[in-house]
Amino acid sequence: MVPFIGVADLAEIVEAVGLEAFLRGLAERIEADFERWEEFDKSPRYASHVPGGVIELMPAADREYFAFKQVNGHPGNTAAGLQTVAALGVLTRVDTGYPVMVSEMTLLTALRTAAMSALAARYLARPASRVLAMIGQGAQSEFQATAFKALLGITRVQAWDIDPAASRKFARNLADSGIEVVIAPSADEAVIGADIVTTVTADKVNARILSANMTGAGLHINAVGGDCPGKTELAPEILQRGRVFVEYTPQTRIEGEIQQMPDDFEVTELWSVFSGKASGRTSDEEITIFDSVGFGIEDFSALRYLYDLLPKHAPHTELDLIAQPQDPRDLFGLLSPRQPAHA
């Protein structure tokens with residue numbers, strides 16, 4: 001029997017741990033795994049581009065576990081009352097090939113994406129950063145704001161979305177969070193006075209959510225929404241003005257903001273920053289950019305983190321997922337009503 005963590009189970013686990021504590025713990029796990037980057041078997045995710053969106057598989061493995069996530073991105077789903085992103089994940093032992101946990105990952109992906117954003121900002125934003133501009137108030141936005149508060153001490157979020165109802169939803173959900181939320185009348189005004197700007201829009205287009213004249217010295221940009229071919233949020237001039245940091249270069253050149261740039265455009269992988277092999281921010285005046293697209297090791301980290309919580313926070317369902325005939329060679333025998341499905 002294999003434990004399955006459903007949406008309600010995960011919500012119960014997060015409540016038991018505490019949302020901010022969960023995000024900090026998840027960020028610590030991601031950081032530790034990125035520090036041992038070279039131990040992982042890794043590759044760009046497989047993407048099947050379909051009408052209206054994309055469906056992807058994201059694998060990663062170390063010497064003990066293999067993990068993968070199936071995830072989609074369909075911006076038009078919200079019009080039908082569906083999530084733009086829906087995901088599930090599996091954690092498997094390397095020595096046997098047997099899965100040890102299956103989990104929903106729609107909610108878990110939102111948590112790990114936010115944890116990764118805030119973790120990167122700890123290395124790339126100015127240490128005294130307290131004001132975050134949030135461009136786009138879709139499903140990911142509250143997670144991002146909460147993670148930046150939990151890991152960096154952000155106290156104020158200046159929010160703008162093309163849909164005012166989304167901004168009102170964002171402010172309502174964070175009303176008791178300890179974060180001051182200010183709804184700005186435009187994207188330009190949202191970034192005024194901000195230390196960090198997060199762009200997290202959903203439309204699958206080459207957009208220019210931020211232009212060069214909106215980015216001043218010392219700004220850290222957390223570009224989350226540009227995560228597939230043909231989908232960007234930053235003007236190319238911004239990438240030329242700042243230092244760009246990525247998760248996994250071969251994947252980001254296809255999917256990230258740097259798909260707009262030449263193949264030899266210089267970037268720094270975050271694992272090398274986390275492990276001390278490369279520098280993060282070098283001055284208060286530098287512009288830094290995290291070109292975030294999401295990578296399989298982050299999902300590996302999230303699934304391992306959740307798996308390790310199971311002994312203490314146990315809500316889950318047991319799935320009858322793996323056949324166990326009395327004789328391992330007699331799989332066909334399980335079709336007989338005389339043989340039980342498990343030894």
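## Strands, helices and a core

Strand 11 (residues 196-199) and strand 13 (residues 220-223) pair in the parallel sense over four bridges; pairing requires at least two bridges found by DSSP. Within this pair, Thr 199 stands opposite Ala 223 in strand 13. Helices (H or I, at least four residues) and strands (E, at least two) are DSSP runs, numbered from the N terminus.

This is a predicted model, in which local features need pLDDT of at least 70, side-chain atom pairs count only at pLDDT 80 or more, and totals for chains, interfaces and linings use all residues. Residues are numbered from 1 along each chain as its sequence is written, and side-chain values use heavy atoms, leaving out hydrogens and water.

Now look at the whole sheet: eight strands form an open, parallel sheet in the order 10-9-8-11-13-17-15-16. Strands 10 and 16 stand at the edges, each with a single partner strand, so one side of each has no neighbour in the sheet.

| Edge strand | Residues |
|---|---|
| Strand 10 | 180-183 |
| Strand 16 | 268-269 |

Helix 3 packs on this sheet, touching strands 11, 13, 15 and 17; contact means heavy atoms within 4.5 Å.

Next, find the largest nonpolar core, which has 68 residues. Such a core is a set of buried (under 20% relative accessible area, 1.4 Å probe, protein chains only) Ala, Val, Leu, Ile, Met, Phe, Trp, Tyr and Cys residues joined through side-chain atoms within 4.5 Å. Phe 22 and Leu 152 touch the most other members, and helix 3 gives the largest share, 11 residues.

Notes: Buried means under 20% relative accessible area, exposed over 50%, partly exposed in between (1.4 Å probe, protein chains only). Axes are lines fitted to C-alpha atoms, for helices over the stretch in contact, and angles run from 0 to 180 degrees between N-to-C directions.
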